[in-house]
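Here are a few friendly notes to read with the model open beside you.

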Amino acid sequence: MFSGIGFVMYLAFFKLQEFPFSLVSDPRFLYLSEDHARVKAYIEYAMQIQDSFLVCTGEIGTGKTTLVNDVLAQDHHHAIIARIQVNHLSSEEFLQQLLLEFGITPYNLQRVQVLDKLKQYLSQQFRAGKKVFLVVDEAHNISAEILEDIRYLFDLEHQSRKLLSVILIGQPELNTLIDKPEMEHIAQRIRLRCHIKPLNPNETMNYINHRLKVAGSRNISLFSEDCIPIIHQFTGGRIRLINTICDYALLHCCVEKISKVNGLIIQKAANELGWGAYEKRFGESQDVTRFVLPVIENGNSKIIVKHNEHVIDEINLSKDYLSFGRQSDNDVPIDDYKVSRYHAQIVTQGGISYLHDLNSTNGTFLNGQKISVHRLHNGENFTIGTYGFIFMQVSTPELNVVREQKDITRQMSLDNRDQTRVFYQHPYINLVNSETE
């Protein structure tokens, strides 16, 4: 990635001992969110009992491999662990690979002989007081035939004790496979099933700070708080993507001699990577985080809403985030064909508010100029679809605006063309999509 000089400059500029956002799976950098800690406990439990059959799933880049590496790196002197990736393996190749993991040459053996060799090996290890574990990576690519082989080996017993424990690790498609009616005999043997969810925004901030600390940084505030929701929007809380965009942002800061990453730099990094909002790139996912934000009484600013040159509503910025879009779960849902489902948001941190366009189709405009991220100042006008908005400070006299329609605090006037209306809604915010249909 860097020349020798660039490598040294990158680390020296941020006073780091090593790269904090490497894509290499390193247990030293493992961050335990609530979900990761729970799944780690399940895997550790499975390593202690004799008859475990565990299925662990998570979407791409959620930290499954690092988590498993951390558990397997612990001292398991009582255990023999065979770890196999099943990508593109036939049933026969899988069994041969398993024998190789156990140090047995499988070549020129018929299937029956391979199975017999495996049974003999497992029995020998049981008598020697060893537990044997089969860990299968990328198990969402597993075939029904290999699953049946695993079922056969798992069923092998000696003196009423299982000879093999199984851990399957894969993407959510693995659950879909196991839940098929014809796989009921497999599902019934599973003792533990767990799923790793992507990080939420708070966990994303804690994860970034954790990686910086492990890398030797004494300044864990290298990333300003205003950039965290933007990072989450572009990554969907996927650890691998967080590493990619954070590393890119730090590189940009190093080249430009900027000491701290802010929201604008994250937006630039996403643009250079060719990223849009995560949901827009990869589609809606069961793991897309919809979360309730704590209401923080700010009271420092308001949004004046205008339509057809008339003031029709005022919205207090009493929360850290205020979302605009056509989808009904936005704070300000706008039923306007020109507005994307998740169009824009206002992020307020430390009394400073930023207007952030969520890669909308038709754009967000400030004083006639299309923007990506902009720090709002008193009196500035921005436009979303056919609606205008004015950012106002509470302490300024401009807020003494006479409301022209006092009975429309919930519903705005209808547009003659498409019956556009806007409501002030509940405090649910989705930061991950901005496409029109």
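1. Both sides of strand β1 are covered: Phe53, Val55 and Thr57 are buried on one face, and Leu54, Cys56 and Gly58 are buried on the other. Buried means under 20% relative accessible area, with exposed over 50% and partly exposed in between (1.4 Å probe, protein chains only). Strands (E, at least two residues) and helices (H or I, at least four) are DSSP runs numbered from the N terminus. Because six of the six residues of β1 (residues 53-58) are buried, the strand is largely enclosed by the rest of the structure.

2. A word on the source: this is a predicted model, in which local features need pLDDT of at least 70 and side-chain atom pairs count only at pLDDT 80 or more, while totals for chains, interfaces and linings use all residues. Residues are numbered from 1 along each chain as its sequence is written, and side-chain values use heavy atoms, leaving out hydrogens and water.

3. Now the partners of β1. It runs parallel to β6 (residues 165-170), joined by five bridges, and Cys56 sits opposite Ile169 there. Five bridges also link β1 in the parallel sense to β7 (residues 192-196), where Val55 has Arg193 as its bridge partner. Pairing requires at least two DSSP bridges between the strands.

4. Which residues have the most contacts inside the largest nonpolar core? They are Ile150 and Leu168, in a core of 38 residues. Such a core is a set of buried Ala, Val, Leu, Ile, Met, Phe, Trp, Tyr and Cys residues joined through side-chain atoms within 4.5 Å.
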